[in-house]
Amino acid sequence: MTDARESAGPNAATPARHAPGTPCWVSLMVHGPAATQEFYGTLFGWEFQPGPQQLGPYVRALLDGHEVAGIGRLPPDRHLPIAWTPYFASENVDLTAETVRSCGGTIGVGPLDAADAGRLAIGSDPSGAVFGVWQAAAHLGTAVSGVPGTPAWNELLTFESATVAKFYRTVFGFQEEPVVSADFDYVTLNLGGGPVAGIHGLGQALPRDRGPHWVTYFQVADIDDALDHLVHLGGHVLRPAHDTAHGRVATVADPEGARFALLQRRQ
């Protein structure tokens with residue numbers, strides 16, 4: 001992580017509509033949604049309400065009445081990794097899906113309508129990392145940012161950044177801002193002059209049991225307190241809290257193994 005910043009600023013303003021290409025939602029599919037809701041509800045203070053059921057049982061997580069994320073149940077016939085999946089905004093998900101395919105990616109789900117909420121597709125980039133595409137209708141996506149309990153950043157961990165960055169640039173129109181370093185492979189993806197996501201090339205250090213994958217960072221007020229709660233709730237600390245240029249960060253996993261990161265921003 002080199003450039004984790006809020007997309008909507010620290011005042012938790014409700015966005016009218018996410019610009020095309022912007023990470024606009026994060027969703028988690030698990031085997032036991034009830035236990036998962038209890039875990040994240042306690043950890044982040046989320047409450048839940050039913051969402052579209054096109055892909056099976058699904059709820060939206062709310063923070064102080066604002067939608068921040070989704071949790072659903074994995075279909076028993078689908079052998080998919082349990083992982084947080086970022087969704088990128090699109091004005092035409094069918095056209096975006098065609099572009100994904102033409103650029104060497106795949107579309108595994110959709111495009112399909114999610115009731116009156118919008119239209120979605122789930123695909124993977126040429127390296128195999130899974131992401132979603134969201135065309136908003138009634139549901140605009142994440143409605144608050146910049147406060148504890150909300151997504152703060154999305155980062156792709158992959159083998160090398162250059163090839164996959166070209167894919168995301170072509171599909172979503174990002175501008176690339178590489179880190180100039182002989183031993184650190186990182187590209188920040190920008191839209192409208194501001195950072196929205198990052199790509200970190202890890203080479204052979206990429207975990208072989210996961211392969212390329214997106215990681216969602218969630219903001220917390222006190223990372224040490226959050227880690228204590230996480231462990232007590234059955235989660236796991238994969239990399240302890242450490243200082244970065246943007247605050248203290250820890251890599252963790254929930255009880256079903258979904259990996260994510262916690263971020264306590266600098267004051």
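In the predicted model, the chain contains four helices and 16 strands. Its radius of gyration is 17 Å, close to the 18 Å that the globule rule gives for 267 residues, and the chain is therefore as compact as a globular protein of that length. Taken along the principal axes, the box filled by the C-alpha atoms is roughly 45 × 45 × 40 Å. Of the 267 residues, 52% are buried, while the chain exposes about 11800 Å², of which carbon and sulfur atoms supply 52%. Among contacts between residues at least 6 apart in sequence, 61% join residues that are at least 24 apart.

Strand 1, which comprises residues 23-30, is largely enclosed by the rest of the structure, because eight of its eight residues are buried. This strand is paired with strand 5 (residues 84-89), to which it runs antiparallel and is joined by five bridges; within this pairing, W25 has Y87 of strand 5 as its bridge partner. Strand 1 also pairs with strand 4 (residues 66-73), here in the parallel sense and over four bridges, and in this case the bridge partner of L28 is I71 of strand 4.

The aromatic pairs, defined by ring centres that lie within 6.5 Å, number 25 in total. One of them is formed by F88 and F131, whose ring centres are 6.2 Å apart and whose planes stand at 70°, so that the pair is edge-to-face, the cut-off for this class being over 60 degrees. Since F88 lies in strand 5 and F131 in strand 8 (residues 130-136), the pair ties together parts that are 43 residues apart in sequence. F88 counts as buried, because its relative accessibility is 0%, and F131, at 0% relative accessibility, likewise counts as buried.

The ring of F131 also pairs with that of F172, with centres 6.0 Å apart and planes at 80°, so this pair too is edge-to-face. Because F131 belongs to strand 8 and F172 to helix 3 (residues 161-172), this contact ties together parts that are 41 residues apart in sequence. Both F131 and F172 are buried. Elsewhere among the aromatic residues, ring pairs link F39, Y40, F44, W46, W84, F218 and F260 into a cluster.

Notes. Residues numbered from 1 in each chain as written. Predicted model: local features only at pLDDT ≥ 70, side-chain atom pairs only at ≥ 80, totals over all residues. Heavy atoms only, no water. Buried < 20%, exposed > 50% of the residue type's maximum accessible area, 1.4 Å probe, protein only. Helix = DSSP H or I, 4+ residues; strand = E, 2+ residues; numbered from the N terminus. Pairing = 2+ DSSP bridges. Phe/Tyr/Trp six-rings, centres within 6.5 Å; stacked < 30°, edge-to-face > 60°. Rg over C-alpha atoms; globule rule 2.2 N^0.38 Å. Contact = heavy atoms within 4.5 Å. Areas by Shrake-Rupley, 256 points an atom, 1.4 Å probe, with all protein chains shown as cover.
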